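This report looks at the inside of one protein chain. Please keep the sequence and the 3D view side by side while reading.

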Amino acid sequence: LIETTDLPITEVAFAAGFTSIRQFNDTIREVFAVTPTELRRGRAVRDETVRGEIPLRLPFRTPFDANGMLRFLGARAVAGVETFDGETYRRTLRLPHGAGVVALSDGGDHVRCVLRLENVRDLGSAVQRCRSLLDLDADPVAVSDVLGSDPLLRALVRRSPGRRVPGAVDGTELAFRAVLGQQVSVAGARTLAGRLVARCGEPLPETLAGEDREPTHLFPGPRAVAGAALDGLGVPSARRETLRDLARALAGGGIVLDPGSEREEVERRLLELRGIGPWTASYVAMRALRDPDAFLPSDLGVRKAICRLGHADDRGSVASLAERWRPWRAYATQHLWASLGDEKDQTEKGEVVA
């Protein structure tokens with residue numbers, strides 16, 4: 001932060017997690033044998049630094065299929081909240097002390113991360129959410145040891161040994177998108193989520209707007225969805241009620257979606273909501289709760305990929321087959337989805353839920 005941003009030293013101290021300026025100064029002197037001001041003067045600030053931006057490097061364990069991850073997110077980018085130009089994925093962030101915008105791209109041995117924050121105190125939270133979104137803390141060697149030795153998946157894993165499981169920057173957003181994605185294509189889910197954002201999303205503060213003015217909105221929170229008129233979105237009335245019920249449960253704290261939540265309890269509470277079945281609950285567990293063993297045996301894309309590999313694709317056979325992929329069935333799902341390529345009819349959808 002000292003080298004690559006124009007943040008005042010005091011803001012650097014608190015953004016880095018120090019509780020006092022004295023503690024920060026003492027640490028800098030001990031490590032660098034200079035004062036923070038001397039350190040800044042002695043190092044060149046990068047030319048590409050733009051005022052208000054915080055450029056960072058996010059490290060990861062190799063291998064990591066950065067382009068595959070960014071393409072996955074880009075294919076699902078929701079208008080107003082996310083953009084993808086083929087190289088850089090941008091999105092808005094709802095953070096504890098304000099809003100933010102992040103741009104993520106492949107830096108070779110790291111992920112390039114450029115943040116714009118309404119409040120610099122949110123730096124740590126923003127970085128952690130980006131790491132969770134990209135699954136940067138995974139152990140790809142441990143995953144490959146299991147999936148790469150499986151006769152059905154071996155070729156897929158060799159083709160992309162660093163494939164990760166996309167996470168989420170916000171569990172509630174992911175849950176709403178999962179419900180909207182029931183029984184529709186990826187493109188259809190994007191359209192429906194974009195309509196929800198247009199209906200009740202929160203505009204970004206002007207201070208965070210980029211030169212191209214995109215993205216423009218924060219994804220709506222549970223209270224906004226619970227109180228919004230949802231007719232006209234293009235979803236069946238039963239699914240609109242599911243969205244409202246989910247929003248009320250999230251707003252009231254009956255369901256808490258973050259990686260620290262107890263997975264079985266969250267799944268039980270989700271399944272109690274009319275209109276949410278095992279597919280949706282497992283998808284939320286996979287991406288919002290970061291469950292590495294979450295699996296979707298009824299998913300159309302999973303079953304189609306398994307059929308192409310020469311295995312029976314009925315739900316029972318798929319579930320039985322996947323037992324040998326534990327505890328990394330979520331990663332197996334990503335390899336199976338990726339094997340379908342860019343088919344126009346590719347979907348991520350499970351059973352119809354009454």
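Which helices and which strand each supply at least two residues of the lining of the largest cavity? They are helix 4 (66-75), strand 3 (89-95), helix 8 (171-180), helix 9 (186-200) and helix 13 (278-287). Helices (H or I, at least four residues) and strands (E, at least two) are DSSP runs, numbered from the N terminus.

The model is predicted: local features need pLDDT of at least 70, side-chain atom pairs count only at pLDDT 80 or more, and totals for chains, interfaces and linings use all residues. Residues are numbered from 1 along each chain as its sequence is written, and side-chain values use heavy atoms, with hydrogens and water left out.

pLDDT is the predictor's confidence in each residue, from 0 to 100. Its mean over the protein chain is 90, and 90% of the residues reach 70 or more. Over residues 44-50 pLDDT stays under 50. Where pLDDT is low, the predicted coordinates should not be read in detail.

**The cavity**

A cavity is a set of points on a 1 Å grid over the protein atoms alone where a 1.4 Å probe fits but cannot get out; lining residues have an atom within 4 Å of a point. The count comes to one cavity of 30 Å³ or more. The largest cavity holds about 320 Å³ of space, a volume being the space filled by probe spheres set on the points, which are joined across faces, edges and corners. Of its 27 lining residues, Arg76, Leu174, Arg177, Tyr283 and Arg287 are the closest to its centre. The table sorts the lining by class.

| Class (members) | Residues in the lining |
|---|---|
| Nonpolar (Ala, Val, Leu, Ile, Met, Phe, Trp, Tyr, Cys, Pro) | 15 residues |
| Polar (the others, Gly among them) | three residues |

**Buried residues**

Buried means under 20% relative accessible area, exposed over 50%, and partly exposed in between (1.4 Å probe, protein chains only). Thr242 lies in helix 11 (residues 237-251) and counts as buried because its relative accessibility is 3%. Contact means heavy atoms within 4.5 Å. Leaving out residues up to four places away in sequence, Thr242 touches Val179, Arg274, Gly275 and Ile276.

Helix 16 (residues 329-339) is mostly covered, with nine of its 11 residues buried. Among the elements covering these buried residues are helix 4, helix 13 and helix 14 (300-308). After helix 16 comes Gly341, whose phi is positive, near 70 degrees.

Definitions and conventions
On a 1 Å grid over the protein atoms alone, a cavity is a set of points where a 1.4 Å probe fits but cannot get out, and a pocket is an open set with protein on both sides within 12 Å along at least five of seven lines; lining residues have an atom within 4 Å of a point.
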